[in-house]
Amino acid sequence: MSFKSLGLRAELLRAVSEKGYTAPTPIQKQAIPYILEGRDLMGGAQTGTGKTAGFTLPLLHRLASKEVSQKGRRPIRALVLTPTRELAAQVADSVRDYGQHLSLRSAVVFGGVSINPQKQKLIKGVDVLIATPGRLLDHVGQKTADLSNIEILVLDEADRMLDMGFIHDIRRVLALLPKQKQTLLFSATFSKEIKQLSSGLLNSPALVEVATENTASDLVSQVVHPVDKSRKRELLSYLIGSNNWKQVLVFNRTKHSANRLAKQLESDGISAAAIHGNKSQGARTKALADFKLGKVRVLVATDIAARGLDISQLPHVVNFDLPNVAEDYVHRIGRTGRAGNEGEAMSLVCIDEHKLLRDIEKLIKRDIPKVVIDEFLPDPSIKAEPINTGRGQQQQRKSKPSRNKPSSKRGGSSPSSPYNGRSNNQGRSGNRARQSSRG
Ligand code: AMP
């Protein structure tokens, strides 16, 4: 199937071909026809599937195909809500790129930066507004954004918006929109909360889902390095240094540990920057730009800040700790192995995280090879402790205690322990390593 056969306008086909896309991705094939028809849509797709073009192309097509009165300020006709500033900026880039041969105008507004340049842009009039919920409401309050003419609403990464506690802001925004509109909701997961939100919002929606959910790309090779919690930072520096990695995205569960890790890596002589929600937007943009340009070797990110990051040809992703939600593992490692490039995803896993690891392996329906680096052999006398989630509560692991304990012997016999292993001195990255027979 070609983009042309989807019935998109010539200006959009030109923009798509200038981007070098030859064929629509599965989510694009499925979603574009429904959106062009004017249907509401619920899309099960995550970043990396091409979902942004999946909604942006038909959205621009519909706006461009309908004349609006040219009297007065241009009304905002399409609104895209995103959970994070980075995703808002990326969607805005896509809207600009795909719409470059059309005469529609777009703007992006998010918090953490001065509101004044955004106001100037909105006052001139835009057709498409991409926004994070809080800053959008600021503009509404200051009368620089009028949402009463919205024809198309997109909720992008709706699950993440709810996870981040935006439900009240979203409801306030929804109350400002006309009843009659087309609504598109994209979410990587369909929780009870998402279903509740969509049932009140979507009108007989078409449901499209892409199979890539919870399946990692085959282009990403995955490995677990069992290690004691207290030695993770040392192991990370060792892996980066001994393999001479130039560009590594490292995931951390909490903002605090992301900051601390970036500082520690710097003190090990490895240039690093942290990116998370407590950083100013300027610092986040700079950290990402420096990382993309190769000025810093390591970008330490939390799940939320990294959601939606599209870094081309990113070779290495390291899970400094495992995410609390197994689906996030797939999102994390999906930052590498994109657009046909190969990538490596390594997880540094301590005894506390065995239950999380099993949940991940269950979700992705495969065992991840375990490679013990000789110098970082875990201490079998260390007992598992509850995990600090960074939200002021401890995650209580529900697994049987015996399965969480390491074997008393090194390379012991419990098949579920990542500490088991036979020696493999040619570890995949050239490290002296032990690889388990499970892998
Ligand atoms: P997204 O899931 O929207 O974040 O898109 C992921 C990446 O896929 C982005 O870098 C897009 O530029 C790229 N992309 C989107 N659609 C296509 C397509 N049809 N062919 C090739 N690459 C695409």
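1. A crossing of two helices is called left-handed if the near helix is turned anticlockwise from the far one by less than a right angle, and right-handed if clockwise. By this convention helix α6 passes α8 in a left-handed crossing, whereas the crossing of α3 and α4 is right-handed. Helices (H or I, at least four residues) and strands (E, at least two) are DSSP runs, numbered from the N terminus.

2. On the basis of the note: this is a predicted model, in which local features need pLDDT of at least 70 and side-chain atom pairs count only at pLDDT 80 or more, while totals for chains, interfaces and linings use all residues. Residues are numbered from 1 along each chain as its sequence is written.

3. The ligand is surrounded by twelve residues, of which the closest are Tyr21, Thr47, Gly50, Thr52 and Ala53; a residue is taken as near a molecule or strand if its C-beta atom, placed from the backbone, lies within 6 Å of it. Helix α3, residues 51–64, gives the most to this shell, with three residues. By class the shell holds three nonpolar, seven polar and two charged residues, where Ala, Val, Leu, Ile, Met, Phe, Trp, Tyr, Cys and Pro count as nonpolar, Asp, Glu, Lys and Arg as charged, and the others, Gly among them, as polar.

4. Helix α3 also packs on helix α4 (residues 85–98), and their axes come within 10 Å and cross at roughly 45 degrees; axes are lines fitted to C-alpha atoms, for helices over the stretch in contact, and angles run from 0 to 180 degrees between N-to-C directions. That angle makes α3 oblique to α4, since angles under 35 degrees count as roughly parallel, over 145 as roughly antiparallel, 65 to 115 as roughly perpendicular and the rest as oblique. Thr52, Ala53, Thr56, Leu57 and Leu60 in α3 meet Val91, Ser94, Val95 and Tyr98 in α4, two residues being in contact if their C-beta atoms, placed from the backbone, lie within 7 Å. This contact has six nonpolar, three polar and no charged residues.

5. For helix α6 (residues 133–141) and helix α8 (residues 167–175), the axes come within 9 Å and cross at roughly 40 degrees, and the two helices are therefore oblique to each other. Pro133, Gly134, Leu136 and Leu137 in α6 meet Asp169, Ile170, Arg172 and Val173 in α8, a contact with five nonpolar, one polar and two charged residues.

6. An open sheet of seven strands has the order β3-β4-β2-β5-β6-β1-β7, with parallel pairing; two strands pair if DSSP finds at least two bridges between them. Strands β3 (106–109) and β7 (206–209) stand at the edges, each with a single partner strand, so one side of each lacks a neighbour in the sheet. Neighbouring strands here are turned by 15 degrees against each other on average, direction ignored. Within this sheet, four bridges join the parallel strands β2 (residues 78–81) and β5 (residues 152–155), and Val80 stands opposite Val154 in β5.

7. Another open sheet, of six strands, runs in the order β8-β13-β12-β9-β11-β10, again with parallel pairing. Its edges are β8 (220–226) and β10 (272–275), each with a single partner strand, so one side of each is left without a neighbour in the sheet. The twist averages 20 degrees from one strand to the next. Seven bridges join β8 to the parallel strand β13 (residues 343–349), where Val224 stands opposite Ser347. Helix α14 (residues 326–333) lies across β8, β9 (248–252), β12 (316–319) and β13, running at about 155 degrees to β12.
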